[in-house]
2 protein chains.
Amino acid sequence: MAATRLARKSVAVDATSADTKTRILDAAETLFMEHGFEATSLRSLTTAASVNLAAVNYHFGTKEELFQAVLTRRLDPMNQERIELLERLERDTGGKPMSCEKILFTMLIPALRLARDEKRGGKNFLRLLGRAYADPAPFIRHFLSAQYAEMIGRYKEAFLKALPHLSRQELTWRLHFVMGALSYTLAGTDALKLFAQVTAADKYDDELLLQRLAPFLVAGLKAPPLAQSRKLELVSGD
Amino acid sequence: MAATRLARKSVAVDATSADTKTRILDAAETLFMEHGFEATSLRSLTTAASVNLAAVNYHFGTKEELFQAVLTRRLDPMNQERIELLERLERDTGGKPMSCEKILFTMLIPALRLARDEKRGGKNFLRLLGRAYADPAPFIRHFLSAQYAEMIGRYKEAFLKALPHLSRQELTWRLHFVMGALSYTLAGTDALKLFAQVTAADKYDDELLLQRLAPFLVAGLKAPPLAQSRKLELVSGD
DNA sequence: GTAGAATTCAAACGAGCGTTTGAATCGGGC
DNA sequence: GCCCGATTCAAACGCTCGTTTGAATTCTAC
């Protein structure tokens, strides 16, 4: 009983404890994705994981800490892989400006790798991540911004060099749009029912999906900034 | 007491009942936006609206029906305005292909008008809408797809003519990306903390926001489809 | 001004929630 | 073979939830 909080630190992640913890994380990943954070109860979660109700609080502390653990397990490696790919690209181009496409690919490829690796959560996790982006809960927003701070900063510098016609502020917004389209798309599947005529074969081919997304995002990033485009006119439609 | 359900049908929306109903809708719009559907309790909601706890069930039936009423109140007029603008554009161009920009503007302008009209909910509602897009609750997904079905179908036909180099399937995906970037952006504000260096003046200027978003989306829509772009390479970053 | 419907109100219902507790059980090291 | 920390377990705690109820009040029409 006195071990509840200390357990996580004093005990290495050995097989015996990892088993229960992993079962909880796997069930949480699926259920949080399907029902959202608030609507997923620890009772249904522990039942699905075949563990005792108290196991979540014993191993993770609180429901919120469990949610963060679910995200961290996949997100840390994926974002680290992104940074490694970006650094390798920087090394290979030797200080010369990198192409916009290649920078974007270093963002998409780790996500695609994760989506294809069922052992690392696959599409389930990416859908969960896309939904987490839009969750209003403050602890989720703070957690995500902390998790992404370094990665976003690095990419902003890289894109700035690749897109010299964009101001820092303009680029900030465009990266925002990119993340929006990406997270919305990854979270999607169900949302696609808004639009008919998506074939079943197409629907679950993540590589094809990103190959459709990439040209769209690259073209958007490269577009001339707003000064050169027609102004929105509010008065009339013609 | 026997009037609970019949009341909504037998009574016109007169001033006396509209007062309570409107106060509930206004409070719900704000609280659902701030905390999400699940995390907003009817107790906090009715307290904020200065009405009795039972008033929600009396006037709207259930919490879910209240949520749908909140969305319908703003969404129906906005989507109808979109269709009207699109139809006027079709009439003015007389069957000739319309420009991609103009079609997109008929989507953005009603959203912008709504954002600027505090009496119609303003930015609050658009943020709520952006969050509703990502909500996993099935009743929300079904409601939204029903609400958007007609509008999406019309725009798909219009864009198909304006973008003849795109297949129907390719366009379906691109509209998906557009809706993603749009809803994510509208839901944003808080999410912008992921990216630093957004000035306070910039942050709340919705017209400027859409003027930044529009060139990005137009360029993405016009981009050549995937066959002509470089393939994603999974093996290596260089 | 009174009848009858529409609306508001305080109170309670039953259910489900996240978390805590303390005893029971397990498992490796001496 | 026993001991002690790590883990599991059933039970309960206190709380909040959405909804219902039936009486009290307000409003409308004659």
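This is a predicted model: local features need pLDDT of at least 70, side-chain atom pairs count only at pLDDT 80 or more; totals for chains, interfaces and linings use all residues.
1. As background, most residues other than glycine have a negative phi. A:Ser50 has 11 C-beta neighbours inside 10 Å and therefore counts as exposed, the limit for that class being 12 or fewer.

2. In chain B, the loop between helix H3 (42-48) and helix H4 (55-60) holds B:Ser50. Phi of B:Ser50 is near 55°, again a positive value in a residue other than glycine. Is B:Ser50 buried or exposed? Because 11 other C-beta atoms lie within 10 Å, B:Ser50 is exposed.

3. A separate point concerns helix packing in chain B. Helix H6 (residues 100-116) of chain B packs against helix H8 (residues 138-162) of chain B at an angle of about 160°, and their axes are 9 Å apart. H6(B) is therefore roughly antiparallel to H8(B), since angles over 145 degrees are assigned to that class. The crossing of H6(B) past H8(B) is left-handed.

4. Which residues make this contact? H6(B) contributes B:Cys100, B:Ile103 and B:Met107, while H8(B) supplies B:Tyr155, B:Ala158, B:Phe159 and B:Ala162. By class, the residues of the contact of H6(B) with H8(B) comprise seven nonpolar, no polar and no charged.

Notes:
Residues are numbered from 1 along each chain as its sequence is written. Chains are lettered from A and ligands numbered from 1 in the order in which they are written. Axes are lines fitted to C-alpha atoms, for helices over the stretch in contact, and angles run from 0 to 180 degrees between N-to-C directions. Helices (H or I, at least four residues) and strands (E, at least two) are DSSP runs, numbered from the N terminus. Angles under 35 degrees count as roughly parallel, over 145 as roughly antiparallel, 65 to 115 as roughly perpendicular and the rest as oblique. A crossing is left-handed if the near helix is turned anticlockwise from the far one by less than a right angle, and right-handed if clockwise. Two residues are in contact if their C-beta atoms, placed from the backbone, lie within 7 Å. Ala, Val, Leu, Ile, Met, Phe, Trp, Tyr, Cys and Pro count as nonpolar, Asp, Glu, Lys and Arg as charged, and the others, Gly among them, as polar. A residue is buried if 20 or more other C-beta atoms lie within 10 Å of its own, exposed if 12 or fewer, and partly exposed in between; C-beta atoms are placed from the backbone.
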